[in-house]
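Please look through the model shown below before turning to the exercises, and keep it open while you work through each solution.

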Amino acid sequence: MTSRNRRVSGPSRKKINRNKNSSLNKDIKNRSLKRIQPKGKNKKIYSNSPVNNLLKKVSIVFGIIMVIYVIFIFEFPANYPDKFKISNMTLDSNKITMQVETDSYKDKLIPLDILLNIGKGEITLIGEKETTIVFANNKKIILKEGSRKIKINDKTKKFNAPVVKYKELVLVPGELAKTLLPEITNFSNGKLSFNLSSDKPEGEYLSFDDYDGYLRLINKENPMTKNYEPTDLINVNTLDSITAYGTNTNLRDEAANALSKMYKENSVQYAMTSGFRNYETQTQLFNEEVADNIQAGKTEEQAKIDAGTIVAIPGTSEHQVGLAVDFAIPGVVLTEEFKNTPAGKWLESNSYKYGFVLRYTKEQTAITNIIFEPWHFRYIGYPHSEILFKEKIVFDTYIEALREEKVKYFQAEDGNDYIIWLLSGTLKPEKLEFNTSNGIGVSSDNGDGIVLTMKVKN
Ligand SMILES: [Zn+2]
């Protein structure tokens, strides 16, 4: 009974439903067709009118332009960092790594100065908004302050951070270093590293905050403490080839070895008459000069002033740091005549090859405040000695010049390229780690900073 009823009633209900559905569907279909599809001529005009076609194309092109604009051209205004620092610098024998930290663009920015000097870049044009820089590998870039886009050889590349300023520094995206100098640099997670030559630069520079840096300047404005004495003095008579007389024949290790090399490689005749002198010895020399002046009729005050130009005032003598050498030949000892002797002439124009410089020249007495001393040479290490000699820079102003330049690229005649960085103030690394004593020279800058001397990987 139930099954029969179901059999009868089932199909008939279905039928009704189907019919209902089909008529409803048809109706909806018809209505919507009427609404959507224009009839006859209208339909044709709508789809094929040249005006509409143009409108369509214009809107597509506009859409594409908008997408490009959003992706590439539109830039949010740059965030200028409130903080930037080199939090850690690691010196390996052939690699230098610095960890940079910025508050905006999280650690993605590096100082342009560093990049300029790694890649030996030269700023060729500073426009009102754009700056053009050409690097040694012929890559040309155009930077714009506030923009993430940098033109590299006329192709624009967008970086993950913009060019911004922080204090006196221009900061650029770290990725730029990798793009420009892929052979020698790397940048990831705020770590900028670059490869150096694995050869050790001449001169084993020491810790950056002690008195022992080879670039330490000693003069009236920068005296040594009374008790200072270098810890690595050696008697030059224990080394080969050196001719030395007198009682002050000690020099710091590196200077003594450089002197030995100079003697070995050349046959010019001269003798070292004075090297390291301690504070007491210097005081004795100074007092003797003052006594001579008083005897010659000068007042005590004048006697002291005049003595100071001939014998360094105690504490201001380079001999106290074990890096100065006085030379002589028989019959010509501590007189201006030494300049015209074969030894004097040779030393003046060749000692720089071994890290020495003629310290008190005739032309520079106004800066040094010391009389012309053609016999007095100072060890400052190579290639600094060559820079001073060739560029006629007096040592008293050298560090200040470096400080202004921040970094210096120098092609030395020993066939190597060097980078010299003076890192102080904003660029001074918070922490400095040495993984080895080779490869990189470090000296104090006579202030709070450090001078790094590095051979560049060729
Ligand atoms: Zn001297």
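This is a predicted model: local features need pLDDT of at least 70, side-chain atom pairs count only at pLDDT 80 or more; totals for chains, interfaces and linings use all residues.

**Exercise 1.** Find where Lys226 is placed, and decide whether Lys226 is buried or exposed.

*Solution.* Begin with the chain, where Lys226 is found in the loop between β12 (191-195) and β13 (233-235). Next take the relative accessible area of Lys226, which is 53%; because exposed means over 50%, Lys226 counts as exposed. Then look for partners beyond the neighbours within four places in sequence, and you will find that Lys226 is in contact with Tyr279 and Gln320. Finally, compare sequence with space: Lys226 and Pro314 are 88 residues apart in sequence, while their C-alpha atoms are 8.1 Å apart.

**Exercise 2.** Determine which residues of helix α11 are buried, and name elements that cover them.

*Solution.* Start with the helix itself, residues 384-391, in which His384, Ser385, Glu386, Ile387 and Leu388 are buried.

**Exercise 3.** Describe the largest cavity by its volume and its lining.

*Solution.* First count the cavities of 30 Å³ or more, of which the structure holds 1. The largest cavity has a volume of about 110 Å³. Its lining is made up of 15 residues, and those nearest its centre are Asn219, Lys220, Thr368, Asn369 and Ile370. Sorting the lining by class then gives 6 nonpolar, 5 polar and 4 charged residues.

Methods
Residues are numbered from 1 along each chain as its sequence is written. Side-chain values use heavy atoms; hydrogens and water are left out. On a 1 Å grid over the protein atoms alone, a cavity is a set of points where a 1.4 Å probe fits but cannot get out, and a pocket is an open set with protein on both sides within 12 Å along at least five of seven lines; lining residues have an atom within 4 Å of a point. Grid points are joined across faces, edges and corners, and a volume is the space filled by probe spheres set on the points. Ala, Val, Leu, Ile, Met, Phe, Trp, Tyr, Cys and Pro count as nonpolar, Asp, Glu, Lys and Arg as charged, and the others, Gly among them, as polar. Helices (H or I, at least four residues) and strands (E, at least two) are DSSP runs, numbered from the N terminus. Buried means under 20% relative accessible area, exposed over 50%, partly exposed in between (1.4 Å probe, protein chains only). Contact means heavy atoms within 4.5 Å.
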